[in-house]
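Have a look at the fold first.

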Amino acid sequence: GSPRAWSFSQVLFSIGSIVMAIGVGLAAIALRGRSSASLVYLGSALLILGSAAWTWHVYLRASDPRGFVQGSLPAWHFILYSLLTLAGLASIGIALVRMGLPAWSGWLMVGGSLVLLVLYAVFKDMPPLVYYLLGLVLGVVLFRAG
């Protein structure tokens, strides 16, 4: 009912993906020099590219809320965002396992990414919040590791 509130909510959706991508980029810089740090850089790059696709998609949603509700907006932005984000999170998970950080965290990132990929394939949609939950796990693990 409120075009302003709709537009503002889309900005917040976009910011979530950008913050996660930047956070992983900063983690990659902090982990440089460790074995498999290149996988964290790869994950960061994939998250940044996915975030760009997501930002474009939410811009379209903010510009054309009716098109979003009717399902007439192009879907490739969201598909690209989802695939790149899941690939980035899986890459980071592999890096966690190889770096000697708690193995459960890496396997959770890889396994969670695969589960979310299957769910995305089944439902053809996935709320971005679930991707951020894996990012939260990453943040906690890295924070605790120092």
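A residue is called buried here when its relative accessible area is under 20%, exposed when that is over 50%, and partly exposed in between (1.4 Å probe, protein chains only). With a relative accessible area of 17%, S36 therefore counts as buried.

Before going further, a word on where the values come from. The model is predicted, so local features need pLDDT of at least 70 and side-chain atom pairs count only at pLDDT 80 or more, while totals for chains, interfaces and linings use all residues. Residues are numbered from 1 along each chain as its sequence is written, and side-chain values use heavy atoms, with hydrogens and water left out.

**Helix pairs**

Helices (H or I, at least four residues) are DSSP runs numbered from the N terminus, as are strands (E, at least two). Each axis is a line fitted to C-alpha atoms, for helices over the stretch in contact, and angles run from 0 to 180 degrees between N-to-C directions.

| Helix pair | Packing angle | Axis separation |
|---|---|---|
| α4 (residues 76-99) and α6 (residues 129-145) | about 25° | 11 Å |
| α1 (residues 3-31) and α6 | about 30° | 11 Å |
| α4 and α5 (residues 103-123) | about 160° | 7 Å |

For orientation, angles under 35 degrees count as roughly parallel, over 145 as roughly antiparallel, 65 to 115 as roughly perpendicular and the rest as oblique. So α4 and α6 are roughly parallel to each other, and α1 and α6 are therefore roughly parallel too. By contrast, α4 and α5 come out as roughly antiparallel.

What about handedness? A crossing is left-handed if the near helix is turned anticlockwise from the far one by less than a right angle, and right-handed if clockwise. The crossing of α4 with α6 is left-handed, that of α1 and α6 is left-handed, and so is that of α4 and α5.

**Who touches whom**

Contact means heavy atoms within 4.5 Å. For the classes, Ala, Val, Leu, Ile, Met, Phe, Trp, Tyr, Cys and Pro count as nonpolar, Asp, Glu, Lys and Arg as charged, and the others, Gly among them, as polar.

Take α4 against α6: Y81, S82, T85, L86, L89, I92 and L96 on the α4 side meet Y131, Y132, L134, L138 and L142 of α6. That contact sorts into 10 nonpolar residues, two polar and no charged.

On the α1 side of α6, the contact is built from F13, G16, S17, M20, V24, A27 and L31 of α1 together with Y131, Y132, G135, L138 and L142 of α6. By class, that gives nine nonpolar, three polar and no charged residues.

Then there's α4 with α5. The α4 residues in this contact include F78, I79, L83, A90 and V97, and among their α5 counterparts are A103, W107, V110, L117 and Y120.

**Two residues of α4**

T85 sits in helix α4. Is T85 buried or exposed? At 1% relative accessibility, T85 is buried. A polar atom of the T85 side chain lies 2.7 Å from the backbone oxygen of Y81. Leaving aside neighbours within four places in sequence, T85 is in contact with M20, L47 and Y131.

L96 is also placed in helix α4, and with a relative accessible area of 1% it is buried. Leaving aside neighbours within four places in sequence, L96 is in contact with L101, S105, G106, M109, L138 and L142.

**Loops and an end**

Back to S36: this residue lies in the loop between α1 and α2 (37-63), and its phi is near 70°, a positive value in a residue other than glycine. K124, in the loop between α5 and α6, has a phi near 60°, again positive and not in a glycine. K124 is exposed, at a relative accessible area of 62%.

G100 belongs to the loop between α4 and α5 and is exposed, at 63% relative accessibility. Which distance separates G100 and R34 in space, C-alpha to C-alpha? They are 9.9 Å apart, although 66 residues apart in sequence.

Finally, P3 is in helix α1 and counts as exposed at 63% relative accessibility. The C-alpha atoms of P3 and S63 are separated by 9.5 Å, with the two residues 60 apart along the chain.

Technical notes
Polar contact = N/O pair within 3.5 Å; in protein donor to acceptor, adjacent residues only side chain to side chain.
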